[in-house]
Amino acid sequence: MTTERRDAPPTAEGWYVLHDVRTIDWAAWNEASQRTRDRAIEEGIEFLQSATTVEDDEGDSMVVSMLGHKGDLMLVHMRPTLADLDDLERRFERTALATFTKRDRSFVSVTEASGYSERGREFIEGDLDDDSGLARYMRSRLYPEIPEKEHVCFYPMDKRRDPEYNWYDLPFEERAEHMDAHGEVGREYAGKVTQMITGAIGMDDWEWGVTLYADDMTDVKDLLYEMRFDPSSSKFAEFGPFWIGRRFDPADLDALLAG
Amino acid sequence: MTTERRDAPPTAEGWYVLHDVRTIDWAAWNEASQRTRDRAIEEGIEFLQSATTVEDDEGDSMVVSMLGHKGDLMLVHMRPTLADLDDLERRFERTALATFTKRDRSFVSVTEASGYSERGREFIEGDLDDDSGLARYMRSRLYPEIPEKEHVCFYPMDKRRDPEYNWYDLPFEERAEHMDAHGEVGREYAGKVTQMITGAIGMDDWEWGVTLYADDMTDVKDLLYEMRFDPSSSKFAEFGPFWIGRRFDPADLDALLAG
Amino acid sequence: MTTERRDAPPTAEGWYVLHDVRTIDWAAWNEASQRTRDRAIEEGIEFLQSATTVEDDEGDSMVVSMLGHKGDLMLVHMRPTLADLDDLERRFERTALATFTKRDRSFVSVTEASGYSERGREFIEGDLDDDSGLARYMRSRLYPEIPEKEHVCFYPMDKRRDPEYNWYDLPFEERAEHMDAHGEVGREYAGKVTQMITGAIGMDDWEWGVTLYADDMTDVKDLLYEMRFDPSSSKFAEFGPFWIGRRFDPADLDALLAG
Amino acid sequence: MTTERRDAPPTAEGWYVLHDVRTIDWAAWNEASQRTRDRAIEEGIEFLQSATTVEDDEGDSMVVSMLGHKGDLMLVHMRPTLADLDDLERRFERTALATFTKRDRSFVSVTEASGYSERGREFIEGDLDDDSGLARYMRSRLYPEIPEKEHVCFYPMDKRRDPEYNWYDLPFEERAEHMDAHGEVGREYAGKVTQMITGAIGMDDWEWGVTLYADDMTDVKDLLYEMRFDPSSSKFAEFGPFWIGRRFDPADLDALLAG
Amino acid sequence: MTTERRDAPPTAEGWYVLHDVRTIDWAAWNEASQRTRDRAIEEGIEFLQSATTVEDDEGDSMVVSMLGHKGDLMLVHMRPTLADLDDLERRFERTALATFTKRDRSFVSVTEASGYSERGREFIEGDLDDDSGLARYMRSRLYPEIPEKEHVCFYPMDKRRDPEYNWYDLPFEERAEHMDAHGEVGREYAGKVTQMITGAIGMDDWEWGVTLYADDMTDVKDLLYEMRFDPSSSKFAEFGPFWIGRRFDPADLDALLAG
């Protein structure tokens, strides 16, 4: 028997992120008067545009048209504080557009960088030159820009704690090697698939959220298929539901709702 | 310990596919005025006919009358892009027919061919003569025609990643042998049961979707019962819910809704 | 490693069966006018009587008053084709009675006899004299009469495919012995408990449906408790939800709904 | 391989029991007119009082005010036949009070005594003197009186059938020893916690229901915490949801609904 | 085989606690008249203020604005008896504010201190001087003050009872060592993260509830991430859903609902 605790990696956090997935009540929408719809669209565009046009250091927001029954709209907000997200959530609920939507799912997390590599730890401990390439890269993960890509894929995930596949019982070095090998797959898709990793331990029901951006969804499929054969996934990962959709400009809300 | 990654098979993708399962709000339908119902049927037929009569290289659509409480209608759309599916989904929601329906489930995927066999890999890598039988066969899986069969069965599935039954931890060759043996069962039912395989990794909550067509549903039952004894199923497969129903011509929507 | 496939037993199928479990919207029922209720009862009796009075070789139907929150009514239809069931389902939805009900669950399957025993295989392969006792018994399982017993119990079930308890990985002979031993328990309750076994692989989310009839529900409890200690259940069975209720004559619908 | 069946214990059954958990639609209640509420309370009291004042040998009923979102009211009916329960369920639905409630969960079972001990088997087989202390005790378990205690705790449970923890694969003697040791814990709380055990195999989704009565809920907590360390629980038990609440006199329904 | 029971730790209990998570029906709120909203806010503030301003020895209450779709408001009440909680729950339901909310989840438990350490046992057995530091600390856990921190995190948890990871089958001493090591992690975050532990065995579906308070939510994330590598978590803990939010003063209800 041992009560010895494995070492957690140091982490750095950036913006808090709210993934807010909503279904549209199409029956109500179809039956609403043109005037009511116009007001909903106007208030919707106003809210979405104000959310997406914040200062660079105040976060960012995006709007996604979702595929399938699990959602019609996904609003993603990144902000410096949970209070900001709480405020955005309630402000949206007060718009005439929100009245035609139902919150189906959400995910509350914060952008995260882990110190599994020595260089990562140096950044987290503040030992890296702020202007170094790595420091810039790490900051871009904590305060990410939304890339100009058409599709968005989002899913939450856990690391397993089963007797034979227990991530949290692996020595630090072994986890570091897994993370490194796992990262290699991602790097093969550089330019094609961009990722945002957010941590949710203590904040939501899954441990991490993965948000992927790609112009060609089969690149996402290829990437995740390949990763599934990687031991860090094949043995240690548990995946939640997957949501996919297409980013759209708030100004196009009218066209989206016109069907 | 090993962080070595097993090889993923190469894959080819064709059309994106949306399985859209809907229940009918019969209480609302029964209480609607004849005029409202007429308009719903008219708009429904119009939408469904336009969806099912696209050019051969633009995909296809079908409509299925479902059995049981899990759905009344299943619309299946195959199209070259996700944008096409997104558009179809929203256009349907704007019809008067959709107002009487509720999206109960859906599945977003893309037709897929895997390169577990050498010949499969040759096709995927473009090394096969376009006019060869195999190339034609492979293309028919990526850009499938909907066969003239009465019944449709749809279910999603995963491959297991458990300590003793971990598909993603098997060597490539072993998986290839499993896939070959598994395919043999299917070939015994050629002519009786036609299948469409779609991949959904990164796109939906299950890894694959299986759509089967048969005139006699006991052929589907026999085929799947036999397959369940195959190690690739008995040890490595996890099945989602099953939906079955009967294809119908959009023009018969009136009769279907008349009860 | 082996990709060898275990032998599936041959099977014979008879009538398709729809178990259609519905809850009554009592609030709506209580608030409806007497006239509306009268019409609902009239249309309900008409539908149920027509469903239960088909020719002997055209199947049968029964109506059950369910206990507990999982349902108020269970309609069970047995018919030669899925088209028949599809038609019955939609015809019921169009009655004024259905408007006061919600489909809570359903199960789509087909009566099944398995050829685990040599005599069973002979029947399935058509080698038995049609007038022999066994042939008559097998036909009575495929085209069952509804026995005159007060209570009905229905549950779906699967056989496990776990590493240590994998039914589908057992040799045929071992499964045959299990089935034989399992059947023995059932035979002890002959006369007290009558069963209908339906297969649902490829048709619904569980592999089999079990419908039991008994005048005394403690006989069902005793039978299933005893069976649970049988290795084919204790090691290899996974049970779904259980529904129980009491058969009633469609003509008594009025009394049933009067509370 | 063995197809040998473990011995089931003999059992005796008494009254059928319906646990009927309901939530109150407070929004509708708050908006109802005083007159409507008065009628609902009047009909509610009438029904509940008639249910709770049956002859001693005709069963009993109680009403519980539940804590938390899982229910507001739990009606528990014990009766000699399922037909009695079916009738009570539908009669309640027809009251004006029921219109303000929604059935959230229920449990259908029957009081059960098991013959794991020799003395238990003697009672079940009718070999005990009817006037003996044990016979009286056993009868009090099959035809229980509702004790005058303030709190009620109800939960369903199963015995596990996993490879390493398979209750149904244990020899009879081993199970008997477990049951005896388990009973010892219960006896330590005699006077503080009273229990009613009901069997539900073949009748509901869990195998047993446990209904506990106590004035001090921390006695229930202490008892169940202690039992959880007992191998029959720590290795072989699977617990369903827990419901707790406070018994109240039907005549106090008005005060309860006044908030 | 052994039927030997492991020793449960002695426990002390303090106040009963109700976590009451509610979603706001924003559509109804947006459509309500100003007068109706004013009344809802007035009654809401009145109820919440009266709940939060009880005498020190009568418990306490707090109100939290939740993030994400799992809830908008969480009311937490701590009181000496379950009757108090039952009363608060029903009184809130009768307010005009409650009409705009839906109970989404709740958790019923009681503050708990365990006697895994010798000093803990001394307190529970009453052997500690009431004025000693430890006695004061233990009482502060049983009758906790709500700390002045901005964020609240709540989640329920279980200890596992699996063959390889069975908490309830560990010797007392081993569990005591685990608890001690686990507590060490918590102590590193003293001042940053404050915790309230409540026991729910026999009262709700999970065994314990954990309520954490912090000004900086990344402290909660760091704490729980570190704890997840501790064997008492990595091997023996099962976590339920996580809820997070921000405490607010009842007087600010108006601003909160203004969006």
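**Entry 1: chains E and A**

I began with salt bridges and counted 10 between chain E and chain A. I note here that the model is predicted.

I then looked up two of the pairs that join these chains. Arg228(E) pairs with Glu207(A), and their closest N and O atoms are 2.7 Å apart. Asp205(A) pairs with Lys70(E), with 2.4 Å between the closest N and O atoms. I traced where the ends of this second pair sit. Asp205(A) lies in the loop between β6 (193-199) and β7 (208-214) of chain A. Lys70(E) lies in the loop between β2 (60-66) and β3 (73-79) of chain E.

Next I took the whole interface. I found 55 residues of chain E in contact with 48 residues of chain A. The buried area between the two chains is about 4400 Å². Carbon and sulfur atoms give 55% of that area.

Which three residues supply more than any others of the area that chain E buries against chain A? They are Lys221(E), Tyr225(E) and Phe229(E), with 19%.

**Entry 2: chains B and A**

I repeated the look-up for chain B against chain A. Here 48 residues come from chain B and 55 residues from chain A. I read a buried area of about 4400 Å² between these chains. The share from carbon and sulfur atoms is 55%.

On the chain B side, I noted three arginines. Arg5(B), Arg94(B) and Arg161(B) supply 18% of the area that chain B buries against chain A, more than any other three residues.

I counted 10 salt bridges across this interface as well. I checked one that uses Arg5(B). Its side chain meets that of Glu188(A) in a salt bridge, at 3.5 Å from N to O.

For the whole model, I wrote down 115 salt bridges over all chains.

**Entry 3: chain D against A and B**

Where does chain D stand relative to chain A? I found that the two do not touch, and their nearest C-alpha atoms are 14 Å apart. I also checked chain D against chain B. They do not touch either, with 14 Å between the nearest C-alpha atoms.

**Entry 4: a helix pair in chain E**

I moved on to helix packing. Two packed helices are described by the angle between their axes and the distance between the axes.

In chain E I picked helix α6 (residues 172-188) and helix α7 (residues 217-228). Their axes come within 10 Å and cross at roughly 160 degrees. An angle over 145 degrees counts as roughly antiparallel, so α6(E) and α7(E) are roughly antiparallel to each other. I noted the crossing as right-handed.

I listed the contact residues. From α6(E) they are His182(E), Val185(E), Gly186(E) and Glu188(E). From α7(E) they are Leu223(E), Glu226(E) and Met227(E). By class I count 3 nonpolar, 2 polar and 2 charged residues in this contact.

**Entry 5: a helix pair in chain D**

I then looked at helix α2 (residues 34-52) and helix α3 (residues 82-93) of chain D. How do the axes of these helices cross? They come within 10 Å and cross at roughly 165 degrees. That makes α2(D) roughly antiparallel to α3(D). α2(D) passes α3(D) in a right-handed crossing.

On α2(D), the contact is made by Phe47(D), Ser50(D) and Ala51(D). On α3(D), I listed Leu88(D), Arg91(D) and Phe92(D). This contact has 4 nonpolar, 1 polar and 1 charged residues.

How values were computed. Residues numbered from 1 in each chain as written. Chains lettered and ligands numbered in written order. Predicted model: local features only at pLDDT ≥ 70, side-chain atom pairs only at ≥ 80, totals over all residues. Heavy atoms only, no water. Axes fitted to C-alpha atoms, helices over the stretch in contact; angles between N-to-C directions. Helix = DSSP H or I, 4+ residues; strand = E, 2+ residues; numbered from the N terminus. Parallel < 35°, antiparallel > 145°, perpendicular 65-115°, else oblique. Left-handed = near helix turned anticlockwise from the far one by under 90°. Contact = heavy atoms within 4.5 Å. Nonpolar A, V, L, I, M, F, W, Y, C, P; charged D, E, K, R; others polar. Buried area = accessible area lost by both parts, 1.4 Å probe. Salt bridge = Lys/Arg side-chain N within 4 Å of Asp/Glu carboxyl O.
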